[in-house]
Amino acid sequence: MDSSDISSHLQTLMFDLDDTLYSSKTGIGKALKRNVEDFLAEKFRISESEAQDMNRELFRTYGSSLAGLRDLGYDIHPDDYHSFVHGRVPYDLIKPDAELRNILQSIRQRKIIFTNSDRIHAMKALDRLGISDCFEKIICFETMNPGLWKPASMEHPVVLKPSMEAMRIAVDAADVDPRRTLFFDDNVKNIAAGKAVGLRTVLVGRATKSQEADYAMEMVTSMVQVIPEIWVGDDDKRISHARNEMDSVYAATTVVA
Ligand SMILES: [Mg+2]
């Protein structure tokens, strides 16, 4: 494919990580939740069920337990929190995904990760999937929260998706035109926030679209069938070239059920 094809109408694909690039059924999400509850139980010397209630309440009100605890005045360093919460995650539950790798490698547009998770977790998960070399950039917890590693860090509220600030930081850090960027995420609120900053949105993990989703798909690998435009340029020459590309993706990713 020559360089002119890169100027196709879609310039960038931006992907959430957890429950988007790998299935929510892996059990990683459950393990993370349990670790957060263990963190709260240890920190506040409360029972498991009290920690579960506290986590639920913090998540509902603040979007994350770390954001909530810091907003309530607890000086919890993000590195301590993340190393506790991610330190015991069974990463081997995430398996290499050759189909996803083939698809990502067939995409000529820029590809960027945009996750609320910290960089160490993101790298481990991407390594397990076998796709860490497929992305130009990782926009993550540290990108959105540089102030937390500076003096007087408690003056900085934790910034995460789906806040508008997080979305604007990501668009700036990625240096993208939102109208030419596809944003994949499994969270309906994140999809709504993405739409609000002008991104084209793909809800992953569900067959039906939410109000602000331009596309929906159960598995991210279905982008080949659901959004063939990714491989299609503005003229017929590109379309035929893209079809060949897609045919080779299909051939490479055919899975015997
Ligand atoms: Mg997610």
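This is a predicted model: local features need pLDDT of at least 70, side-chain atom pairs count only at pLDDT 80 or more; totals for chains, interfaces and linings use all residues.

Biologist: Which residue in β2 is the bridge partner of Phe15?

Modeller: Start with the strands. Strand β1 covers residues 12-15 and runs parallel to β2, with 4 bridges joining them. Phe15 falls within β1. Its bridge partner in β2 is Ile113.

Biologist: And which residue in β3 is the bridge partner of Ile113?

Modeller: β2 also pairs with strand β3, residues 137-139. That pairing is parallel too, over 3 bridges. In β3, the partner of Ile113 is Ile138.

Biologist: How many of the 5 residues of strand β2 are buried?

Modeller: Buried means under 20% relative accessible area. Strand β2 spans residues 110-114. It is largely enclosed by the rest of the structure, because the number of its residues that are buried is 4.

Biologist: Let us turn to the metal. Which residues are the protein donors of the magnesium ion?

Modeller: The donor atoms lie 2.1 to 2.2 Å from the ion. In sequence the donor residues are spaced D-x1-D-x167-D.

Biologist: Is Asp18 buried or exposed?

Modeller: Compare Asp16 to begin with: its relative accessible area is 6%, so Asp16 is buried. For Asp18 the value is 14%. The cut-off for buried is under 20%. Therefore Asp18 counts as buried.

Biologist: Which residues of helix α4 are buried, and what covers them?

Modeller: Helix α4 runs over residues 78-87. Its buried residues are Pro78, Tyr81, His82, Phe84, Val85 and His86. What covers them includes α1, α3, α6 and α7.

Biologist: What kind of aromatic pair do Phe39 and Tyr81 form?

Modeller: The structure holds 7 aromatic pairs. In this one, the rings are 5.1 Å centre to centre, with 80° between the planes. The pair links distant parts of the chain, since Phe39 sits in helix α1 and Tyr81 in helix α4, 42 residues apart. Phe39 and Tyr81 are both buried, and their pair is edge-to-face.

Biologist: Phe141 and Trp149 form an aromatic pair as well. Is Trp149 buried or partly exposed?

Modeller: The two rings are edge-to-face, 6.1 Å centre to centre. Phe141 has a relative accessible area of 2%, so Phe141 is buried. Trp149 stands at 35%, so Trp149 counts as partly exposed.

Biologist: What separates the C-alpha atoms of Asn190 and Pro162?

Modeller: Asn190 is in helix α9, residues 188-196. At 6% relative accessibility, Asn190 is buried. Asn190 touches several residues beyond its sequence neighbours, including Lys161, Pro162 and Phe183. Asn190 and Pro162 are 28 residues apart along the chain, yet their C-alpha atoms are separated by 4.6 Å.

Biologist: Where is Thr221, and which residues does Thr221 touch?

Modeller: Thr221 lies in the loop between β6 and α10. Its relative accessible area is 10%, so Thr221 is buried. Leaving aside residues up to four places away in sequence, Thr221 touches Glu99, Leu100 and Ile103.

Biologist: How many disulfides does a search of the whole structure find?

Modeller: A disulfide is a covalent bond between the sulfur atoms of two cysteines. Cys134 is buried at 10% relative accessibility, and Cys140 is buried at 0%. The search of the whole structure finds a count of 0.

Biologist: Last one: what share of the residues of the protein chain count as buried?

Modeller: The chain has 11 helices and 6 strands. Among its contacts with a separation of 6 or more, 61% join residues 24 or more positions apart. Of the 257 residues, the share that count as buried is 46%.

How values were computed. Residues are numbered from 1 along each chain as its sequence is written. Side-chain values use heavy atoms; hydrogens and water are left out. Donors are N, O and S atoms within 2.8 Å of the metal (3.2 Å for Na, K and Ca); water is not among the atoms, so sites may look incomplete. Buried means under 20% relative accessible area, exposed over 50%, partly exposed in between (1.4 Å probe, protein chains only). Helices (H or I, at least four residues) and strands (E, at least two) are DSSP runs, numbered from the N terminus. Contact means heavy atoms within 4.5 Å. Two strands pair if DSSP finds at least two bridges between them. A disulfide is a pair of cysteine sulfur atoms within 2.5 Å. Rings of Phe, Tyr and Trp (its six-membered ring) pair if their centres lie within 6.5 Å; planes under 30 degrees apart count as stacked, over 60 as edge-to-face and the rest as tilted.
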